[in-house]
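Student: I am new to this structure and would like a close look at a single part of it. Please pick one place and walk me through what surrounds it.

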Amino acid sequence: MAALNLPQLAQLAHPAPVELARPRTFEKHLVQVRRSTRVSNHSSPVYKELAEGFVETNASASDEARAAALHEAQELVSGLGSGNPTIVKTIIPSYISGGFFLCLKRQFCMENLSKGDEVMTLVDVDGNEYPTRYLAQRFGLSAGWKEFAFAHDLVEGDALVFQLIRPTAFKVYIVRVKRSEGSSAGSA
């Protein structure tokens with residue numbers, strides 16, 4: 001056995017037990033959770049529990065109010081005449097928070113707008129101009145749209161009529177949604 005070195009081979013096959021590493025310990029520090037400055041100026045949403053889940057109940061327009069604003073916007077389009085192409089968009093939350101990207105209808109963009117990215121100017125009824133970035137691949141308005149939305153206090157349910165007045169400019173008419181809190185509708 002000594003010639004085969006069996007005792008040494010046995011020790012190599014079963015090494016001596018190794019001391020286990022100590023578990024890591026972490027110090028816990030209490031820190032204030034970072035909040036976005038975008039939502040810090042707004043009150044916390046109020047949620048009401050329903051059978052199908054949670055629904056935000058404060059400051060949202062009813063379906064009837066949204067439909068009325070959309071109908072009023074469509075009547076405005078018919079009153080503008082057919083000289084310039086128009087498109088109607090109803091504001092949804094993602095258009096006025098988070099990414100601030102306004103999607104336009106693909107067919108409208110393909111037929112009436114540039115095939116490449118460029119600066120589109122939004123002109124309100126007072127003649128104020130807001131440069132925005134039109135992204136042809138995504139069929140929507142990006143940079144600059146946020147400033148327009150904030151300047152006009154757009155809220156969910158507002159209906160916007162975009163009338164193409166030049167190849168790179170929209171005249172924008174705003175039809176306000178009537179809210180249950182008592183704000184009135186009108187063009188801005």
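Tutor: Let's start with a pair of charged side chains. Glu156 and Arg66 form a salt bridge, with their closest N and O atoms 3.6 Å apart. This pair links distant parts of the chain: Glu156 sits in the loop between helix 6 (145–151) and strand 8, while Arg66 belongs to helix 3, 90 residues apart. A salt bridge here is a side-chain nitrogen of Lys or Arg within 4 Å of a carboxyl oxygen of Asp or Glu. Helices (H or I, at least four residues) and strands (E, at least two) are DSSP runs, numbered from the N terminus.

A word on the model before we go on. It is predicted, so local features need pLDDT of at least 70 and side-chain atom pairs count only at pLDDT 80 or more, while totals for chains, interfaces and linings use all residues. Residues are numbered from 1 along each chain as its sequence is written, and side-chain values use heavy atoms, with hydrogens and water left out.

Arg66 has another partner. Asp63 forms a salt bridge with Arg66 too, the closest N and O atoms being 2.9 Å apart. These two residues are three apart in helix 3, so about one helical turn separates them. Together, Asp63, Arg66 and Glu156 are linked in a network of salt bridges. How open is each member? Asp63 is exposed, with a relative accessible area of 56%. Arg66 is partly exposed at 22%, and Glu156 is partly exposed at 22%. The words have cut-offs: buried means under 20% relative accessible area, exposed over 50%, and partly exposed in between (1.4 Å probe, protein chains only).

The structure holds three salt bridges, and one of them joins Asp158 to Arg176, at 3.1 Å from N to O. This pair also links distant parts of the chain, with Asp158 in the loop between helix 6 and strand 8 and Arg176 in the segment after strand 9, 18 residues apart. Asp158 is buried, at 0% relative accessibility, and Arg176 is buried as well, at 16%.

Seven strands form an open sheet in the order 3-8-9-5-6-7-4, with mixed pairing. Its edge strands, strand 3 (86–90) and strand 4 (102–103), each pair on one side only; two strands pair if DSSP finds at least two bridges between them. Strand 8 and strand 9 form a hairpin with two residues between them, and they pair in the antiparallel sense over seven bridges. In that pairing, Val161 stands opposite Tyr173 of strand 9.

Strand 5 (residues 118–123) runs parallel to strand 9 (residues 169–175), joined by three bridges. Here Leu122 stands opposite Phe170, and Val123 opposite Lys171. Seven of the seven residues of strand 9 are buried, so this strand is largely enclosed by the rest of the structure. Ala169, Lys171, Tyr173 and Val175 are on one side, with Phe170, Val172 and Ile174 on the other.

Finally, back to the helix that carries Arg66. Helix 3 (residues 63–80) lies across strand 3, strand 8 (159–166) and strand 9, at about 25° to strand 8. Contact means heavy atoms within 4.5 Å, and axes are lines fitted to C-alpha atoms, for helices over the stretch in contact, with angles from 0 to 180 degrees between N-to-C directions.
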